[in-house]
Amino acid sequence: MEYEEAEESAQLIEEEIDNHSQNDFREMVVQLRKANQFFQQMCSTPVGELTMLLTIYNLSEDHGPVVISRLGKHLQLSKPAVSRMLHVLKNKGYIQMENGKEDQRFVFVEITEQGRNLVREEMRHCHKLVQRVRERMGEKDMHDFLYYNKKFYSILEEEYASR
């Protein structure tokens, strides 16, 4: 009898843990979605475009023009997805693309002055926003949030890689 009660108790605890995990997952998805929506509404540039521009900006600062395949790897996007976004940015005048001189198969991407100006403007705007959030959260909470967010992402990245 005691064995059955212990087994039933363990099953109830397991179900409670499962429900708790499911609730955490649902809450996380909703909160991430809400934060993303607010962020998109507060920026003048769509987040996908801004992410691509920032990536090109950062990578080119270190190495000059960036190869499309490197952008895909860095952002974990397919080549077609990267190409579509690059064509949007090119049409807006934020980037220029050029085939390699020695090997025409390589396409190099470089941010234009107009693109640099947009990145600087968005960064100033976002910096002010983050400063206001930091002031309201407090330095320690902001540090902890960033630390745990990075840790969470790192674990997800490892889980994805081990699939």
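A search of the whole structure turns up five salt bridges, a salt bridge being a side-chain nitrogen of Lys or Arg within 4 Å of a carboxyl oxygen of Asp or Glu. Before we visit some of them, note that this is a predicted model, where local features need pLDDT of at least 70 and side-chain atom pairs count only at pLDDT 80 or more, while totals for chains, interfaces and linings use all residues. Residues are numbered from 1 along each chain as its sequence is written, and side-chain values use heavy atoms, leaving out hydrogens and water.

Let's start with K92 and E49, whose side chains meet in a salt bridge (2.9 Å, N to O). K92 sits in the loop between α4 (79–91) and β2, and E49 in helix α2, so the pair ties together parts 43 residues apart in sequence. Helices (H or I, at least four residues) and strands (E, at least two) are DSSP runs, numbered from the N terminus. E49 is buried at 9% relative accessibility, whereas K92 is partly exposed at 37%. Here buried means under 20% relative accessible area, exposed over 50%, and partly exposed in between (1.4 Å probe, protein chains only).

Next come E61 and R116, which form a salt bridge of 3.2 Å, N to O. This pair links helix α2 with helix α5, 55 residues apart.

Now look at the sheet. Its three strands follow the order β1-β3-β2 with antiparallel pairing; two strands pair if DSSP finds at least two bridges between them. The edge strands are β1 (66–67) and β2 (95–99), and five bridges join β2 to β3 (residues 107–111).
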